[in-house]
Amino acid sequence: MAEAMGFYTDTTVCIGCKACEVACKEWNQLPATNGGVSTLSGDSYDNTRRLDGIHWRHVKFIEQFTEDRKDGRWLLMSDVCKHCVNAPCLEVCPTGAIVRTEFDTVVIQSDACNGCRDCISACPFGVIEVNPASGTAQKCTLCYDRLQAGMEPACSKACPTQSIQFGTISDLRNRAQKTRGAAAHQRRETCLPVRRG
């Protein structure tokens, strides 16, 4: 079995460009919402709004503004299936359509899915939804076909700021530990009182 693969998402460098969303839709040939005629949300720049059967990656725009809307900020985060170690979707699938791959990722095989929706209600992250074009449950596959060819997933390849980093889980844990450790150390340094005399 190959090493377990995954993503490390550094939200501090995400710029909300949605290149990851576009790359995912393009590579996986996912249809446009309502044939490309979508209704704008009207309350956000985030018009994708959530993960579903045709949006396997979603850049969340978490908007925080004062009541008078004079001051505010956006928190941006690219969201995707977590490929859980203990995947409830896999456990409840009655047809065996959901499998764990050699990369330790969780994939729905559309040709075996009967559209029962058990996986949708089992997912604690609201990741899975039915693709209206296929009538089957679908979600991120971590670009399983690309992994088999020795390529990285389309979304991480397209990310211009390296907010989405791809690799082995062990390497990503080390990278995250170093990043978080350095950030915590820097915060500690700036928060220490200045000693005088």
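Begin by selecting W74, which sits in strand β3, residues 72–80; helices (H or I, at least four residues) and strands (E, at least two) are DSSP runs, numbered from the N terminus. This is a predicted model, in which local features need pLDDT of at least 70 and side-chain atom pairs count only at pLDDT 80 or more, while totals for chains, interfaces and linings use all residues. Residues are numbered from 1 along each chain as its sequence is written, and side-chain values use heavy atoms, with hydrogens and water left out.

With W74 still selected, note that W74 is partly exposed, at a relative accessible area of 41%; buried means under 20% relative accessible area, exposed over 50%, and partly exposed in between (1.4 Å probe, protein chains only).

Next, select helix α1, residues 19–27, where the buried residues are C20, E21, A23, C24 and K25. The buried residues of α1 pack against β2 (57–65), β3, α5 (154–158) and β8 (164–168), where a contact means heavy atoms within 4.5 Å. Just after α1, look at Q29, which takes a positive phi of about 50 degrees.

Now turn to the salt bridges, of which the structure holds seven; each is a side-chain nitrogen of Lys or Arg within 4 Å of a carboxyl oxygen of Asp or Glu. Select D46 and K18, whose closest N and O atoms are 3.5 Å apart. This pair links distant parts of the chain, with D46 in the loop between α1 and β2 and K18 in the loop between β1 (5–9) and α1, 28 residues apart. D46 is buried, at 8% relative accessible area, and K18 is buried too, at 17%.

Then select K60 and D79, a salt bridge with its closest N and O atoms 3.7 Å apart. K60 lies in strand β2 and D79 in strand β3, 19 residues apart. K60 counts as partly exposed at 31% relative accessibility, whereas D79 is buried at 10%.

Finish with R117 and E129, whose salt bridge has its closest N and O atoms 3.8 Å apart.
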